[in-house]
Amino acid sequence: MPTVLILGASSDMAIAIARKYAGAGYTIQLAARNAERLQPLRSDLSIRHNAPATLHEFDAEKPTTHEAFWTSLNPRPDITICVFGYLGEQKKAETDWQECARTIQVNYTGAVSILNIVANAYASTGTGTIAAISSVAGERGRQSNYIYGSAKAGFTAYLSGLRNRLFHQKVHVVSIQPGFVYTKMTENMPLPGLLTAHPADVANTVYKAIDKKKNVVYVKWFWRWIMLIIKSIPEPIFKKLKM
Amino acid sequence: MKKEIANWGNYPVMQSDERNFTQLEDIRQFLPQAGPFIPRGNGRCYGDASLAGTTINTTRFDKILSFDTSNGILECQSGITLDQVLEVIVPKGWFLPVTPGTKFITIGGAVASDVHGKNHHVDGCFSHHVEEMDLLLADGALITCGPSLHTDLFEATCGGMGLTGLITRVRFRLKKVETSYIRQKQVKAANLEEIISLFEKYKDYTYSVAWIDCLKKGKGFGRSILILGEHATISDLSPKQKDQPLQLPKKKQITFPFNLPSWILNSFTVKAFNFLYYGKNFKKEINNTVSYEPFFYPLDAILHWNRGYGKKGFIQYQFVVPMEAKQGLIEILQRISDKGLGSFLAVLKVFGKQESLIGFPMEGYTLALDIPVRKGLFETLDELDRIVLQYGGRLYMSKDARMKPEVLRAGYQHLPQFLSIVRKYNPDGKIRSVQSDRLTLTNIKLEKLQNT
């Protein structure tokens, strides 16, 4: 039975992804900061889908623990999906270094730290798949969320480089660009219904993208075009916009 | 974030700040600092029961915690819907002990409305099968209650419309089944007298309900189709069905794409529908074996069927009158027919005995019908309320969007006791809904109520 590791397993997207893979017959490794809290999800996966699931303590903000976390996984997962992220508060992050550093740490440094380890392990055997949730916010910095956006921009560039490197070792890397999704993270944001995906849509996209070895996928297809338009606005105009 | 919400009747519609949660700890920390709120499941009650300026939506709190497949006991978080539960339990040979006419309600909602089903006369309400549950009180305290543990809280929560606290976990007993099929019998009744005697004749059937034509006058007044059912055993199945006796029904759903203009529903179209519906059963009696889906959930096959009643929404009027008040049933039906209030789906059922603090059912006849909201409707319904009360009956809070507080008080004898338990666990009235305020359950002093 193949195994999938979900990093940041307590989020709404992660729960949907775990259910998708459990339904497809995978063994699930659920990793999060407070693994005990994942107990209900574990029983749910095993009762609904007859899928074995294990719980693992993992903290994106503590890179020094990542090596030990990875070596503790048994078996080594066939697929690693990096779901964790931290939206933070843009206004607060502008003046509060702790908030700013945390946004960067979770979305970029922490993700890079664990994926370096995973990538090296997969590269050494020439097997494995990495998928990671980045964000369309990383495609162009905007005043409303550029701290988060810039961390995700770094992460998107990292994933693209990693994909390039690991291709030669037969390891595949998928970048997922969700756009708006109805989750806890976005609960207080007014989201346009047509442009907004549900966590289950993200899970289906992730599953299909990994299965079909896609490189960069958008959960709702039009986000690719929306971002293309946003990216093509000339900077002298863009800087005057309130976005 | 504010968003527009309504329950199944699409009346009333309001702006609400809706909060979701997946972790118990998150919501537990939030409650003490929250303003007034009401818990909300899948929004399948009909009126204003789960509406408030702030709602706490449980639908992401939907994990199954344990399933004892040999004794048939399921323990789950409150936001899971019945359709998800069925997908898990039916293949293992178990069924819901009680189910209403839709599988798109949450388990928490099933408790809060203390739902009944076609088997009420045999198996009682949903709460009858609950072993224990956890409740998060307004101050963030988590309390476990059950039939013999914090009994007052348990009794006031079953049918208590969410006013005691947020139900987070429920453990309940399931019903053993050999197959996922129902042995169904349909019997036509030419008038009200006949349907009432048919209910009596077939009272040993586990499931019984009747579709009734509310508009027919004269000789055919109250003509009906009685629908009876038993869980099929393996020997009842056709050779093909026997291959997979516990097979889940295939998902066949169509969506009602938009709100129909409300003029489409008028007494002429309803009469035509009723004529066809009654006429489709050529024979006096039909016997067949069907999947549980069309038997229990015929309307779930059409997503958003409530749009058929138009943008203004509809009221589902459901009342019960005691057995000896047959005359009351006749009077109300006559009034409905005279006013042309008939709907496509009027449902008649005989409830069994029930003792509960605030639950809706009582031994007697219950009738439910959908009526589009229009001018003058509420005045007409007030008149019907008076007849219901005159005959010792009451209305179902889960369907209600408009009854007057005094109608509730007259119908529910244990209301003061219920309210004193609500006050004990929800002392500041922080948990409140548009309905509980409208019915003056949460915005009136207890002493004042007892004096009236």
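Biologist: How many residues of chain A are in contact with chain B, and how many of chain B with chain A?

Modeller: Two residues are in contact if their C-beta atoms, placed from the backbone, lie within 7 Å; here 15 residues of chain A are in contact with 14 residues of chain B. The most comes from α2(A), with six residues. By class, that side of chain A has six nonpolar, three polar and six charged residues, where Ala, Val, Leu, Ile, Met, Phe, Trp, Tyr, Cys and Pro count as nonpolar, Asp, Glu, Lys and Arg as charged, and the others, Gly among them, as polar. This is a predicted model, in which local features need pLDDT of at least 70 and side-chain atom pairs count only at pLDDT 80 or more, while totals for chains, interfaces and linings use all residues. Residues are numbered from 1 along each chain as its sequence is written, and chains are lettered from A and ligands numbered from 1 in the order in which they are written.

Biologist: In which order do the strands of the open sheet of chain A lie?

Modeller: Two strands pair if DSSP finds at least two bridges between them. In chain A, seven strands form an open sheet with parallel pairing, in the order β3-β2-β1-β4-β5-β6-β7; its edge strands, β3 (53–57) and β7 (216–218), each pair on one side only. From one strand to the next, the twist averages 20°, with axes being lines fitted to C-alpha atoms (for helices over the stretch in contact) and angles running from 0 to 180 degrees between N-to-C directions.

Biologist: What pairs with β2(A) in the parallel sense over five bridges?

Modeller: On the one hand, β3(A) pairs with β2(A) in the parallel sense over five bridges, and A:Ala32 has A:Glu57 of β3(A) as its bridge partner. The helix α2(A) packs on the sheet, touching β2 and β3 of chain A, and its direction makes about 160° with that of β3(A). On the other hand, strand β1 (residues 3–7) of chain A also pairs with β2(A) over five bridges in the parallel sense, and A:Thr3 stands opposite A:Thr27 in β2(A).

Biologist: Which elements make a β-α-β unit with β2(A)?

Modeller: A crossover is right-handed if, with the strands pointing away from the viewer, the path from the first strand over the helix to the second runs clockwise. One right-handed β-α-β unit is made by β1(A), α1(A) and β2(A), and another right-handed unit by β2(A), α2(A) and β3(A).

Biologist: Is A:Gly25 buried or exposed?

Modeller: A residue is buried if 20 or more other C-beta atoms lie within 10 Å of its own, exposed if 12 or fewer, and partly exposed in between, with C-beta atoms placed from the backbone. A:Gly25 is exposed because 11 other C-beta atoms lie within 10 Å, and its place is in the loop between α1 and β2 (27–32) of chain A. The strand β2(A), by contrast, is mostly covered, with five of its six residues buried.

Methods
Helices (H or I, at least four residues) and strands (E, at least two) are DSSP runs, numbered from the N terminus.
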